[in-house]
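Let's take a walk through this one together. Have the chain open beside you and follow along.

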Amino acid sequence: MNDSIKQQALGICEVLYNKKAIDIVAIHVADKTIVADWFVICSGRAVQQVKALADELDAKAESLGLTRRRTEGYGGGKWI
């Protein structure tokens, strides 16, 4: 397992935790798909919070060594 990628996933979890996300889960999927090494899933209490979580991840992406490729679902905000 690539430790730097694991650290990025944990960094994402930390950003979400600090923004009060709930039910944060990091799932290692590298041996199951070529799409990603990790999936990080969480919930928010309201549409505004879900959007704020996405915005915070965008703001912190570079410091985590990540580049956002695209965002889906932002308009409705129920899932992003």
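A word on labels to begin with: helices (H or I, at least four residues) and strands (E, at least two) are DSSP runs, numbered from the N terminus. Residue numbers start from 1 along each chain as its sequence is written, and side-chain values use heavy atoms, with hydrogens and water left out. This is a predicted model, so local features need pLDDT of at least 70 and side-chain atom pairs count only at pLDDT 80 or more, while totals for chains, interfaces and linings use all residues.

Let's begin with helix α1, residues 3-18. Which residues of α1 are buried? Buried here means under 20% relative accessible area, exposed means over 50%, and partly exposed is in between (1.4 Å probe, protein chains only). The buried ones are Ala9, Gly11, Ile12, Cys13, Val15 and Leu16. Keep the helical repeat in mind: an α-helix has 3.6 residues a turn, so residues three or four places apart point the same way. The buried residues of α1 pack against β1 (22-28), β2 (38-43) and α2 (47-60).

Now for the two helices as a pair. Two packed helices are described by the angle between their axes and the distance between the axes. The axes are lines fitted to C-alpha atoms, for helices over the stretch in contact, and angles run from 0 to 180 degrees between N-to-C directions. On that basis α1 and α2 pack at an angle of about 135°, with their axes 10 Å apart. That makes α1 oblique to α2 (angles under 35 degrees count as roughly parallel, over 145 as roughly antiparallel, 65 to 115 as roughly perpendicular and the rest as oblique). As for who touches whom, Ile12, Val15 and Leu16 in α1 meet Leu53, Glu56, Leu57 and Lys60 in α2, where contact means heavy atoms within 4.5 Å.

Next, step off the end of α1. Lys20 sits in the loop between α1 and β1, and its phi is positive, near 70°. Most residues other than glycine have a negative phi, and most peptide bonds are trans. Lys20 counts as exposed, at 57% relative accessibility. Asp23, in strand β1, also has a positive phi, near 55°, and at 60% relative accessibility Asp23 is exposed.

What does the side chain of Gln49 reach? The backbone oxygen of Lys20, at 2.8 Å. A polar contact is a pair of N or O atoms within 3.5 Å; within protein, one must be able to donate a hydrogen and the other to accept it, and residues adjacent in sequence count only if both atoms are side-chain atoms. Gln49 belongs to helix α2 and is buried, at 16% relative accessibility. Leaving aside neighbours within four places in sequence, Gln49 is in contact with Lys19, Lys20, Ala21 and Gly44.

Finally, head back to Met1, in the segment before α1. Met1 is exposed at 68%, yet leaving aside neighbours within four places in sequence, Met1 is in contact with Lys6, His28 and Trp38.
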